[in-house]
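This report describes strands, their pairing and the surroundings of a ligand. Please look at the sequence and the structure first.

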Amino acid sequence: MSSPAPARPRPVHRAADLLAAYLPGSFYYSSARGVLLADGVHAHVRGASGNRAAAAAEALEAAVLAGVANPVVVGAIGFRPDSGSSLIVPAVVRRAEAPGGDSWTDGDLRPGREETPRPANQNPWTVVPRPAPEVYAESVREAVDLIADGELRKVVLARALDLVGEHSISVRDLLRDLVVRDPAAHAFAVDVSAPGDPAPRTLVGASPELLVSRKGNVVTANPLAGSRRRTGDPARDAQAIAELRVSEKDLNEHALVAAQVAEVLGRYCTGLEVPEKPEVMGTPAMWHLSTRVTGRVGPGGPSSLELAEALHPTPAVCGVPVDLARDTIARLEPEDRGYYAGLVGWTDLAGDGEWVVTIRCAEVSDKTARLFAGAGVVAGSDPAAELAETSAKFGTLLRALGAEGVA
Ligand SMILES: C=C(O[C@@H]1C=C(C(=O)O)C=C[C@H]1O)C(=O)O
């Protein structure tokens, strides 16, 4: 028997260099844990909903046999079981680990030295809301009635904004802008072009919500639900945080998500730890109730993608009960969500990886960007407040596009 080839040492990269090296068509993903930049396609990973972790594992094994060193599967999966997915084993992967293991200082990720980010995409925008804001508010009202009448307990209703510029949108600049504004976010850019698309299509965003990660035997999920706009005014922000902590409506909305995540992970993990009360976490645009759930898996346990598929869709983006919520979304939302409210991330041969909920994102193609934002509707939800919440959530992408205030 021949002895295995010695492992090739991984080259060391700087996070900021990887961000700067992003080119249209690359896969980029950064989080507190590190940066992954992938280029070229060694293999496409196909597989139906619920079966993608198995397809990914097969593709990774085949890649090893074909001589790919340390292969990973990267990409995005859409919201609905019959939505598309865009998963590949890339030809080349470059990584930068966060110094000290788990967090960046702002400077690590910043390309260059600018202090105040300026939106790099200077476009005069035409904005088309889909549906019109009052129609969205009406659908929230309808969902509240459904919740009052029957079995539906929570449904997340989303709306879209189409932004059309006069010139092509630079995904590279948009990604850079999102990372510079919020180095703690899970920032991503994924080529999701499909056959027949007139121009390449890229899913780009900065999600605050970790669906699940696995590092060695440690599994972490960080569901969010229950939100307030972050204004930047210290007194109003302090009030928003104080309100969130005691709002029965938000705490109930949050508890539904945390319970589902804990229930699903409980099927796979030992030593599950679920804090009793949520914390408040902030992004530059929002405050959210947040619960960090951790557990452990044994050797040969489920991969990060298997866990992600089992968790998706959480009630943070769909609802309770899940089938009824999905049907309600299909009936009340006029636009197909596409990749929005799906998952984006990576998984490797050992099962390590990280998957985030695809929110605070846009699908960009040439001069257009389609943004989605949603809000959880529960008993007693106020349509105007839910509409305002979606406007606030659009803020992440709108600021980066230089279109703040249009939603
Ligand atoms: C659905 C979105 O966000 C989700 C819904 C939240 C809520 O309803 O409070 C909070 C965070 C996310 O889990 C979105 O940003 O589009």
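Which residues point one way from β17, and which the other way? Leu343, Gly345 and Thr347 point one way, Val344, Trp346 and Asp348 point the other way, and all are buried. A residue counts as buried if 20 or more other C-beta atoms, placed from the backbone, lie within 10 Å of its own. In a regular strand the side chains alternate between the two faces of the sheet.

The model is predicted: local features need pLDDT of at least 70, side-chain atom pairs count only at pLDDT 80 or more, and totals for chains, interfaces and linings use all residues. Residues are numbered from 1 along each chain as its sequence is written.

Strand β17 covers residues 343-348 and is mostly covered, with six of its six residues buried. Strands are DSSP runs of E with at least two residues, helices are runs of H or I with at least four, and both are numbered from the N terminus. Two strands pair if DSSP finds at least two bridges between them. β17 pairs in the antiparallel sense with β3 (residues 72-77) and is joined to β18 (residues 353-357), also antiparallel.

| Strands | Bridges | Residues opposite each other |
| β17 and β18 | five | Gly345 and Trp355 |
| β13 and β14 | four | Gly282 and Trp287 |

The hairpin of β17 and β18 has four residues between the strands, and Gly351 there takes a positive phi near 95°.

**The three-stranded sheet**

An open sheet is formed by three strands in the order β11-β14-β13, with antiparallel pairing. β11 and β13 (279-282) are at the edges and have a single partner strand each, so one side of each has no neighbour in the sheet. From one strand to the next the twist averages 30°, the angle being taken between N-to-C directions of lines fitted to C-alpha atoms, on a scale from 0 to 180 degrees.

**Around the ligand**

The ligand is surrounded by 17 residues, the closest being Ser227, Ala316, Ile359, Gly374 and Gly376. A residue is near a molecule if its C-beta atom, placed from the backbone, lies within 6 Å of it. At least two residues of this shell come from each of β6 (154-164), β11 (224-229) and β20 (368-377).

**The annotated span**

UniProt, in an unreviewed entry, lists residues 134-393 as "domain: Chorismate-utilising enzyme C-terminal". This span is 35% helix and 32% strand, and its end C-alpha atoms lie 17 Å apart.

How values were computed
A residue is buried if 20 or more other C-beta atoms lie within 10 Å of its own, exposed if 12 or fewer, and partly exposed in between; C-beta atoms are placed from the backbone. UniProt positions are given in the numbering used here, feature names are shortened, and annotations may be inferred rather than shown by experiment.
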